[in-house]
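Hello,

Here is the structure I promised to pass on to you. Have a look at it first, and then read my notes below.

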Amino acid sequence: MSQRIKILVVGCGNMGASHAKAYHDMDAFEIVGLVSRGASKEKLNSQLGADYSLFSDYAEALASTNPDAVCISTYPDTHEAYAIMAFEAGAHVFIEKPLADTILGAEKVIDAANKANKKLVVGYILRQHPSWIKFIEVSRTLGYPLVMRMNLNQQSHGYMWDVHRNLMQSLSPIVDCGVHYIDVMCQMTDAKPISVSAIGARLSDDIPADNYNYGQLQIRFDDGSVGWYEAGWGPMISETAFFIKDVIGPKGCVSIVANDAGKAGNSDSVESHTKTESLKVHFADINQENEFIKKDEWIDLNDEPDHQELCNREQRFFLKAIAEDLDLSKSMQDALNSLRIAIACDESVKTGQIMKL
């Protein structure tokens, strides 16, 4: 691509700052503005050693900069409106997950992308992680049905508790975080999800009365596979079981073993959430005495990108999608599907009912 892509960065918190650094360091992109309601844009400008144009109003920034692309890393309740505005302005969109805070909103965003004939990439960061790609690949060799066990409990405090409380103004942890792991489960099975059930608890008066900061969801698939995911946010959450990633099938199991990332004090660290370090593969083969025939296999993962490098890879994919006119219809539908499942789980928490999909 001969011309640099003019990109407007909207939201300058944790993820927005990481994406902005990726654009700042890539010759193919030119940041034309940073947008945030608070002081995070000034802080980010300073961190980058840059003098990018700063805006407090998104609509004004969009009109003023006329970008080729927009990166949206704001709170989920703004995603639908901001993405549609970008498409109507003729820009491609990279948007942090979840795609929107409602199914209808997500469908409207996808429709807007198709109507504008522009690219929509949703920030499913694990799809760019070589270790998670390998985790999914190995899980698919274990036979079916699968049992998928995953959690990410975060004993958040200080700044991260502020972030989580703000997120819970619009979404629960099992929706905001759960879409990642639901997406992973769907890739592992390729089966159709048929029902979900979920439980949740409100453990703090600092969040809306109709929301909860602990949740656990369960999914059934039409091939007999089942999966669960657990997520809790807040200073009261235990750190003793915040990093569980296991998949079990008839032929054995595979587990992510994150010895360093799983240590105490790391549960609210963004850096530790994507760490894998190694995979342990167990084989179920036994002899006539029911003794195991094969030894467990350890797969050491040498390509272990840190959080910033994962964001860099996401943006390289965004660039490739634009430059090579990639067909993103499946990935958009996958993002919609995982959100649909997560929101059904949220409904299950609030109604106490099993939700059919």
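**What I found**

Phe 242 and Phe 243 form an edge-to-face aromatic pair, 6.3 Å centre to centre with 85° between the planes. Rings of Phe, Tyr and Trp (its six-membered ring) pair if their centres lie within 6.5 Å; planes under 30 degrees apart count as stacked, over 60 as edge-to-face and the rest as tilted. On the face of Phe 243 you will find Lys 245, at 4.0 Å from the ring centre. A charge counts as sitting over a ring if NZ of Lys or CZ of Arg is within 6 Å of the ring centre and within 35 degrees of the ring normal. Lys 294 likewise lies over the face of Phe 283, at 4.9 Å from the ring centre.

Before going on, a word on where this comes from. This is a predicted model, in which local features need pLDDT of at least 70 and side-chain atom pairs count only at pLDDT 80 or more, while totals for chains, interfaces and linings use all residues. Residues are numbered from 1 along each chain as its sequence is written, and side-chain values use heavy atoms, with hydrogens and water left out.

Helices (H or I, at least four residues) and strands (E, at least two) are DSSP runs, numbered from the N terminus. Tyr 23, Phe 29, Phe 94 and Phe 318 form one aromatic cluster.

**The sheet**

Now find the open sheet of 6 strands, which pair in parallel in the order β3-β2-β1-β4-β5-β6. Why is one side of β3 (54-55) and of β6 (120-123) left without a neighbour in the sheet? These two stand at the edges, and each has a single partner strand. Two strands pair if DSSP finds at least two bridges between them. β5 (residues 92-96) and β6 are parallel over 4 bridges, and Ile 95 stands opposite Val 122 in β6. Another 4 bridges join β4 to β5, where Cys 71 stands opposite Phe 94 in β5. Because 5 of the 5 residues of β5 are buried, this strand is largely enclosed by the rest of the structure. His 92, Phe 94 and Glu 96 cover one side of β5, with Val 93 and Ile 95 on the other.

**The core**

A nonpolar core is a set of buried Ala, Val, Leu, Ile, Met, Phe, Trp, Tyr and Cys residues joined through side-chain atoms within 4.5 Å. The largest has 89 residues, and Leu 120 and Met 150 touch the most other members. Helix α12 (residues 329-351) gives the most to this core, with 9 residues.

Enjoy exploring!

Methods
Buried < 20%, exposed > 50% of the residue type's maximum accessible area, 1.4 Å probe, protein only.
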